Amino acid sequence: MTPGRAADDLDTAVSLGVRALREAAGLDWSARAAGLEWSRRDTAVHLAGDLTGFAAQLAARATDGYLPLLVEAAPAAAPGALIDLVEAAGRLLGAAVRAARPGDRAWHPAGAADADGFAAMGVAEVLVHTHDILRGAGGTAWGAPADLSARVLARLFPHVPARRHRATGGGPWPALLWATGRADLPGLPRPRVWRWYNEPVRGRGVTLCELSPALAADLCAGGTGGFAWTADGPAEGTRLAAGTVVKAREDGTYRPGWGAYAIVRDQDRRAVGGIGFHAAPDGEGRAEIGYDLVPSGRGAGHATDALRALCAWAFAQPGVSALYAGADDDNAPSRAVLRRAGFRRTGHVAGAGRYALTPQEWGTAPETLQCCGRGGLPGVAPR
């Protein structure tokens, strides 16, 4: 999506949302919004704050975190004034998106984003929070256009199986509500936690979606982590890897990007396994990778594609000197995956082969030209 199209989508979302909210201005805005701890009033102020914050981040090209910006409303502000605030904030973000230069990026917890990404986040916020406000006590259902919802899903939610739900009569809007924990879908439990992805790691046929500490904690507790898994997933190894993310957060050693990822199969957007780093690179720039797949995801090359994609991402980071991995002696498929990704055997420890890959070796591998980077798990399946 081009910045011009993204800004147009934002204009459309703000126009539709504001129109619907004005029609509901006579409701009790002190009542709780649907599914939230906030009132309708608080939700509107939160929405205005998000849109204004996105505009400021993009305009400043902030790289180290959120700017110290706080949006509030006068306590006596009427619903109409709050809606005016939302509309003004939406216009500010639209102006920032249109003014952005190619390559402009700014920090966000879901990954650094360009103008297209900030516009898509703005669209998502307007659509779902308009839903929340209107569905609160005494409110009515509200729906967003399918094409607008579909473009948001495509840009921010690479792990949501929207096609499947069009086939069952749901469509992109119900899928977006499911993706943000607001609705059920046939055969899929409602996510207890969720996030979107501004810059997932793209591979050939797979997309790697990082497990934030919140998603990792949900997986550890037996949840889905916000993903639509195949019937036999997630594997125990993925849940264990999620536990390392939780522990790293508790210990203060968590570094975004250097934890665990879900492997999402592009053909149906189902999660089929996990891959990630045991820890952030050490003082010499070395990191170790592990991976696994559910049985139903094996035999299609997903592990190899995921490993190549993660290697490409890692070697694009500053200071990474080598990647390491291990494969048990009785796990021939895992050894084959490592060889196909360019790893060389370096030794043998306690019944497992040790493998390594350096940036120089990666740069000369033919597969490097076919692998895309960003926009301890046992065993793996055969290709």
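Trp 107 is partly exposed, with a relative accessibility of 28%, on a scale where buried means under 20% relative accessible area, exposed over 50%, and partly exposed in between, computed with a 1.4 Å probe on protein chains only. This is a predicted model, in which local features need pLDDT of at least 70 and side-chain atom pairs count only at pLDDT 80 or more, while totals for chains, interfaces and linings use all residues. Residues are numbered from 1 along each chain as its sequence is written, and side-chain values use heavy atoms, with hydrogens and water left out.

The structure holds 10 aromatic pairs, a pair being two rings of Phe, Tyr or Trp (its six-membered ring) with centres within 6.5 Å, counted as stacked when the planes are under 30 degrees apart, edge-to-face when over 60, and tilted for the rest. In one of these pairs the ring centres of Tyr 66 and Trp 107 are 5.0 Å apart and the planes stand at 85°, so the arrangement is edge-to-face. Helices (H or I, at least four residues) and strands (E, at least two) are DSSP runs, numbered from the N terminus.

## The nonpolar cores

A nonpolar core is here a set of buried Ala, Val, Leu, Ile, Met, Phe, Trp, Tyr and Cys residues joined through side-chain atoms within 4.5 Å. The largest such core has 60 residues, and those with the most contacts inside it are Leu 93, Phe 118, Leu 127, Leu 156, Phe 157 and Leu 176. At least two residues of this core come from each of α1 (3-23), α2, α3, α4, α5 (146-156) and α7 (172-179), and α4 gives the largest share, 12 residues. A second, separate core of 36 residues includes Tyr 261, Ala 303, Cys 311 and Ala 314; of these, Cys 311 is buried, with a relative accessible area of 0%.

Phe 157 also belongs to one aromatic cluster with Trp 194 and Trp 196. Beyond residues up to four places away in sequence, Phe 157 touches Val 152, Leu 176, Ala 179, Thr 180, Trp 194, Arg 195, Trp 196 and Arg 269, where contact means heavy atoms within 4.5 Å. Ala 119, placed in helix α4, is buried at 1% relative accessibility and, with residues up to four places away not counted, touches Ala 6, Ala 7, Leu 10 and Val 97. The C-alpha atoms of Ala 119 and Asp 8 are separated by 9.1 Å, although the two residues are 111 apart along the chain.

An open sheet of 8 strands runs in the order β1-β2-β3-β4-β5-β6-β8-β7, with mixed pairing, two strands being paired if DSSP finds at least two bridges between them. At the edges stand β1 (201-202) and β7 (344-349), each with a single partner strand, so one side of each is left without a neighbour in the sheet. Strands β6 (residues 322-328) and β8 (residues 352-357) pair in the antiparallel sense over 6 bridges, and Gly 353 in β8 is the bridge partner of Ala 327.

Helix α11 (residues 332-340) has Ser 334, Arg 335, Ala 336, Val 337 and Leu 338 as buried residues, and what covers its buried residues includes β5 (286-293), α10 (302-315), β6 and β8. At the start of α11, a side-chain oxygen of Asn 331 reaches to within 3.1 Å of the backbone nitrogen of Ser 334, and just after the helix Gly 342 takes a positive phi of about 100°. In helix α8 (residues 213-220), the buried residues are Pro 213, Leu 215, Ala 216, Asp 218 and Leu 219, with β2 (206-210) and α9 (236-251) among the elements that cover them. Gly 222, which follows α8, has a positive phi, near 95°.

## Thr 230 and the cysteines

Thr 230 lies in the loop between α8 and α9 and is buried at 9% relative accessibility. The side chain of Thr 230 makes a polar contact with that of Asp 232 at 2.8 Å; such a contact is a pair of N or O atoms within 3.5 Å, of which, within protein, one must be able to donate a hydrogen and the other to accept it, and residues adjacent in sequence count only if both atoms are side-chain atoms. Apart from neighbours within four places in sequence, Thr 230 is in contact with Arg 265, Arg 270, Ala 271, Val 272, Val 294 and Ser 296.

With a disulfide taken as a pair of cysteine sulfur atoms within 2.5 Å, the count comes to 0 disulfides. For Cys 220, the nearest cysteine sulfur, that of Cys 209, is 18 Å away, and Cys 220 is partly exposed, with a relative accessible area of 38%.
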